[in-house]
Amino acid sequence: MTERFDCFYCRENLQGKKHAKKDDKPVCVRCFDKLCANTCAECRKPIGADAKELTHKNRHWHEGCFRCAKCYKPLANESFAAKDDGKIMCGKCGDRDGSSRCQGCYKVITPGSKNVEYKHKVWHEECFICFECKQPIRSQSFLTKGDDMYCTACHEKKFAKHCARCKEAISSGGITYQDQPWHSECFVCNTCKKPLAGARFTAHEDQFYCVNCYKADVAKKCSGCQNPITGFGRGTNVVNYEDKTWHEYCFNCKKCSLSMAHKRFVINGNDIYCSDCAKKL
């Protein structure tokens with residue numbers, strides 16, 4: 001005895017009869033059309049067991065209903081675009097209806113064409129050009145001024161500051177000293193070439209020196225202690241007399257050690273004396 005093959009819903013024997021399946025269960029055509037058929041997104045009628053059904057993103061159509069919402073071209077075997085509002089369109093109508101437009105020529109940017117996006121705007125690759133030289137920037141780096149784009153070379157030529165030492169454009173970074181711009185790599189010690197950005201330094205005759213090189217090669221020597229007078233720390237204040245220079249704290253009476261800064265003093269050879277001690281010499 002053969003096993004019965006019945007409709008899942010009405011129990012009609014389906015042996016040798018046309019039927020459909022729903023969730024792997026056999027269903028007669030009548031029950032399928034009544035209970036299981038998907039509703040066509042276009043005509044809103046059931047898609048029966050005898051109809052050819054097309055599905056896209058959980059939506060269903062009769063084959064004849066799956067057509068462009070604008071030109072009504074059948075799309076069962078064509079490429080199409082699904083819009084956010086649910087409309088299905090052929091490629092041509094979809095491009096016209098909702099595609100982005102180039103900010104340069106204002107023509108539609110077709111899907112798949114080369115384009116450049118910047119700050120939520122889009123250009124044809126050949127329309128994304130330098131404001132100055134009018135050459136396409138494509139994938140090269142660029143800089144902006146207001147709403148205009150410039151290739152690196154034109155931006156440097158038109159807007160960039162120029163280094164006080166090498167006179168070349170400063171495209172990024174750099175430092176400013178006494179209202180003049182410098183490349184960081186150009187702002188170095190004149191002697192040892194150590195970078196001075198962020199370090200203590202001093203200027204002498206339009207040249208810059210780190211503290212160590214200034215002490216060793218440039219700074220005058222104190223006539224009292226013979227150490228360099230750098231202008232840093234305790235050595236900020238100095239005393240000059242004729243061709244000699246002292247740290248202020250070294251400018252003392254040779255005999256009583258009284259500070260002679262801002263006071264009358266007597267020079268005897270290389271030594272300094274207060275008036276009272278000078279009388280006793």
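Which residues make a nonpolar surface patch of about 300 Å²? In this predicted model, the patch is made by Phe8, Tyr9 and Leu35. Patches consist of residues with over 30% relative accessible area and no salt bridge, nonpolar side chains (Val, Leu, Ile, Met, Phe, Trp, Tyr) being joined within 5 Å and like charges within 9 Å. A salt bridge places a side-chain nitrogen of Lys or Arg within 4 Å of a carboxyl oxygen of Asp or Glu. Phe8 lies in the segment before strand 1 (19-22) and is partly exposed, with a relative accessible area of 40%; buried means under 20%, exposed over 50%, and partly exposed in between (1.4 Å probe, protein chains only).

The chain contains five helices and 20 strands, taken as DSSP runs (helices H or I, at least four residues; strands E, at least two) numbered from the N terminus. Its radius of gyration is 45 Å, well over the 19 Å that the globule rule gives for 281 residues, so the chain is more spread out than a compact globule. That radius is taken over C-alpha atoms, and the rule is 2.2 Å times the number of residues to the power 0.38. Along the principal axes, the C-alpha atoms fill a box of roughly 145 × 55 × 30 Å. Buried residues make up 31% of the 281 residues.

The chain averages a pLDDT (the predictor's confidence in each residue, from 0 to 100) of 84. Confidence is lowest in helix 2 (residues 91-98), at a mean of 69, and highest in strand 10 (residues 148-151), at 91.

Residues are numbered from 1 along each chain as its sequence is written, and side-chain values use heavy atoms, with hydrogens and water left out. Local features need pLDDT of at least 70 and side-chain atom pairs count only at pLDDT 80 or more, whereas totals for chains, interfaces and linings use all residues.

How values were computed:
Areas by Shrake-Rupley, 256 points an atom, 1.4 Å probe, with all protein chains shown as cover.
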